[in-house]
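Please open the model in a viewer and keep the selection panel at hand. The stops below are given in the order in which they may be selected.

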Amino acid sequence: MAAQSVPHPSTDKKRVKVYELRNNDWFDRGTGFCTTAFDIVSALPIRDALCPRNNIPLSVFAANPGPRLQSEDGHQRDPRVYVESEDQPDRVLLETRICKQDGFHKQQETLIVWTEPSNGVDMALSFQEPEGCATIWKFIHSVQQQYHSVNAPDDGLSEDTGVDMPNPITLPPASMANLAEIESQMRGFSGTANGRDALTKYVLAEDYIGKLIPLVSDAEDLESLNDLHRLCNIMKIIILLNDTSIIEHAVSDECVIGVVGALEYDPDFPSHKANHRQWLEGEGRYKEVVRIEDPQILRKIHQTYRLQYLKDVVLARILDDNTFSVLNSLIFFNQVDIVQHLQSNATFLAELFNIFKSPQPDPKRKKEAVLFIQQCCAIAKNLQPPARQTLYNNFLAHGLLQVINFGLRHGDVAVRVGATDILVSMIDHDPQMIRSMIYRQLHEKQPPLTDSLIDLLLVEVDLGVKSQISDALKVLLDQGPPMQPEAIAKANGEYAVRAASRMPPSADPQQDNFLNGFYESSATKLFQPLIDLQGRPSMEFSVQQASMFTYLIEILCFFIRQHQHRSKFFVLNNDIVLRISQLLNCPEKFLKLVAVRFIRQLIGLQDEFYVKHVVEKKVIGPILDVLVETMPKDSLLSSACLEFFEFIRKENIKDLVKHVVENYRDKVQTLAYLDLFRTLLLRYDQTGGFSTNMDYYIEVDDEPKKRTNIVNPKTGGLMEHLAMDQAEEEYWNTSDDEDDLQARPGNRPSSANGEPSAKPLVDYASDDEGDENLEAGALSADEDRPEDGPRKANESGRDSAPPPERLSEKRRREEDEEDDLSKMVQHKRRNSTSASSNASTVSGVLRKKKSVSSARDAGGGPKKIAISISPSLKAGNGQTHGRSDDEA
């Protein structure tokens with residue numbers, strides 16, 4: 001193994017940024033200090049030594065571990081590059097060994113790029129100072145030169161064939177006669193790694209590109225198409241060597257026109273010729289709004305533009321991944337340098353934004369300034385977030401919002417698009433930053449930015465700009481996740497009040513003030529086209545108007561979801577639901593679809609306010625008309641209508657079910673061949689339009705109460721009313737204290753259970769009146785049914801075996817039963833839409849309770865209590881304690 005003398009490593013720490021290529025984007029791994037050093041290689045045998053990069057035994061690699069560098073004391077050492085973190089000195093951001101196959105390259109004056117051979121990841125070091133980059137590169141370059149000077153037989157990194165390319169190589173002189181030989185040899189050299197390295201060095205050393213460029217014009221003069229095709233292939237081979245120095249040289253001022261001229265004649269398209277030179281030679285391509293004094297930045301600007309053209313146009317069809325990565329790297333680092341120079345140049349920024357403050361306006365210069373800022377924001381999208389934030393802050397400090405307002409109101413569509421792009425770029429980065437600027441505008445009594453967006457949305461004809469503006473408005477007016485107390489509150493009103501009271505208030509009062517001002521003035525201006533639909537006889541619109549309605553309804557749906565209380569008042573006050581339902585009569589199907597989706601959005605919230613509003617405005621009828629018109633064809637419109645009614649059925653929105661069947665029964669019957677509408681009709685017919693949840697019913701036999709209709713004072717519609725018995729109402733309104741009984745020794749509380757009067761409920765007797773009631777009840781029972789005396793005596797004797805029940809236990813059980821019954825009845829009253837079913841349930845439950853209580857009180861005790869039993873129960877041997885329908 002050949003051992004080489006060791007170059008002296010740099011001991012000075014150089015400030016540097018470490019970048020890693022991830023998904024064709026450079027990721028910033030951090031900032032630190034770069035140094036170079038040697039690691040002593042273990043003197044163990046080859047089979048026991050470990051690879052210094054990943055601690056894997058070298059025996060798993062080739063038998064030859066590669067060339068080592070020998071220091072003055074004879075030890076074998078590995079050259080390495082270290083980067084220690086600036087914030088955390090103990091943390092190592094980078095540790096890489098300088099290998100032959102790494103392919104370190106220096107780009108410009110402050111960049112060193114390479115590919116890690118272990119994982120194939122592209123890495124880059126961006127130095128703060130060119131001197132630091134030169135110091136580190138000098139050490140790396142000297143190490144690489146020694147690696148490449150190792151003879152091929154001793155180089156374990158040579159090709160598998162064991163045949164190495166001769167070094168240095170030679171090519172025939174650049175002439176028309178040798179083009180075929182030059183192309184053939186270049187193809188052969190580019191087939192191996194060593195050949196590519198040797199060819200790269202030869203092309204750079206001999207300035208071979210500069211020698212080939214004059215041949216392009218000679219071949220064009222001779223109209224030699226074959227020679228032009230060969231020149232194109234040669235240029236492709238040279239560029240695809242993936243060497244940054246070659247690519248930078250190819251896009252330089254002296255070579256770029258000749259290189260793209262040769263690439264115009266692609267042999268894959270022999271009958272076509274591109275116009276790359278005509279595009280790049282255009283004098284009007286580069287416009288200097290504010291003069292840039294730094295020649296280095298100017299050169300990078302031109303170079304970046306040419307690299308982008310080369311990547312996106314000239315070589316777009318033949319680029320491989322490696323070349324694409326190299327071009328992206330060059331573009332990225334150029335853009336970083338350009339943006340950092342511009343944002344750090346306060347004089348340049350002041351002169352740029354003073355264009356919009358000049359007392360003598362120059363419309364052309366203002367337009368170019370907007371487009372220049374647009375390009376800067378487009379470049380900033382590729383930067384790391386901290387650098388992007390710094391750029392935007394500098395722009396805002398110099399008056400960027402004034403520029404955006406100017407651009408949004410400009411007559412030229414290119415300027416409007418540029419201003420919209422600037423705004424969207426900043427919103428994508430940090431929307432709160434733009435909101436803060438709007439708050440400042442409101443505080444200073446200036447027209448807010450949202451008004452400019454609204455004005456542009458209403459007049460813009462470009463659909464792309466409309467889409468961007470609508471998205472920008474939604475983001476700026478987004479107040480975070482919506483609070484939905486209706487969704488989490490139960491049916492119990494008290495619980496809903498408690499849940500709403502626990503909801504935290506809005507965290508940002510500035511945002512609340514902004515939204516209040518928006519709904520007071522700006523919202524009406526935004527949705528004025530919808531409000532103006534009132535009284536319009538024709539529903540035919542132009543393409544621009546139809547697209548405007550689409551975006552307006554989309555924004556309104558967003559507002560309804562996010563601004564619940566404000567949007568409710570706005571929708572109700574401006575009759576928005578009825579206006580949007582008018583779009584169901586327009587000939588454009590996509591507008592009908594938008595209207596259906598809006599109403600579906602309203603009922604999807606399951607908010608009682610919107611459900612009642614939809615019922616009141618009767619907007620479901622036009623949706624049924626659209627469905628009848630489109631059925632039985634399958635279309636997006638008919639599917640949306642079917643899903644609308646399917647949601648009503650599935651969620652069992654009883655008010656809407658009742659409204660649809662009662663008001664549009666004929667239309668529903670025409671669609672009864674569908675299971676959906678057949679189910680709606682059946683459900684309504686079975687329940688009379690009321691609750692279909694059978695869990696709330698109690699199976700009792702009761703006479704239906706008589707219903708009366710009264711007029712709702714708010715809506716003017718009819719409401720069903722149940723004529724309740726006055727005694728029952730007094731019972732439920734009586735406090736529990738009136739039912740308390742005084743406990744007496746040896747006496748049990750009893751209730752009079754004689755024949756019922758017209759009232760379904762009776763007042764329980766007090767202790768003083770108990771004996772009189774009992775005697776009267778016994779006398780009444782004996783007079784009506786004298787034959788029941790012996791049987792009652794026998795039953796009383798059999799039931800007298802259990803011990804008498806204590807008064808406290810009985811009262812406790814009765815109170816628990818009454819609480820359960822009251823909860824059940826209250827729950828029924830809340831969830832049922834019919835008052836008659838409530839009365840039926842209450843009456844039946846009370847009769848059951850009284851019958852059970854009577855049976856329990858007759859279960860034996862100190863006194864025998866006479867009770868009345870119906871003939872049907874006598875036939876059943878007294879096994880049940882209910883009442884017959886005759887007694888009810």
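Begin with strand β9, residues 122-127; helices (H or I, at least four residues) and strands (E, at least two) are DSSP runs, numbered from the N terminus. Six of the six residues of β9 are buried, so the strand is largely enclosed by the rest of the structure. Buried means under 20% relative accessible area, exposed over 50% and partly exposed in between, with a 1.4 Å probe and protein chains only. The model is predicted: local features need pLDDT of at least 70 and side-chain atom pairs count only at pLDDT 80 or more, whereas totals for chains, interfaces and linings use all residues. Residues are numbered from 1 along each chain as its sequence is written, and side-chain values use heavy atoms, with hydrogens and water left out.

In a regular strand the side chains alternate between the two faces of the sheet. Colour D122, A124 and S126 on one side of β9 and M123, L125 and F127 on the other; both faces are covered.

Strand β2 (residues 14-22) runs antiparallel to β9 and is joined to it by five bridges, with E20 opposite M123. Strand β8 (residues 111-115) is also antiparallel to β9, again through five bridges, and V113 has A124 as its bridge partner. Six residues lie between the strands in the hairpin of β8 and β9, where G120 takes a positive phi near 75 degrees.

Now move to helix α29, residues 636-651. At 1.5 Å times one less than its number of residues, its 16 residues should span 22 Å, which agrees with the 22 Å between its end C-alpha atoms. Its buried residues include L637, F644 and I648. The buried residues of α29 pack against α26 (589-604), α28 (620-630), α30 (654-663) and α32 (675-687), contact meaning heavy atoms within 4.5 Å. After α29 comes N652, with a positive phi near 55 degrees.

Select R600 and F647 together: the charged end of R600 sits over the ring of F647, 3.9 Å from its centre. This term requires NZ of Lys or CZ of Arg within 6 Å of the ring centre and within 35 degrees of the ring normal.

Notes:
Pairing = 2+ DSSP bridges.
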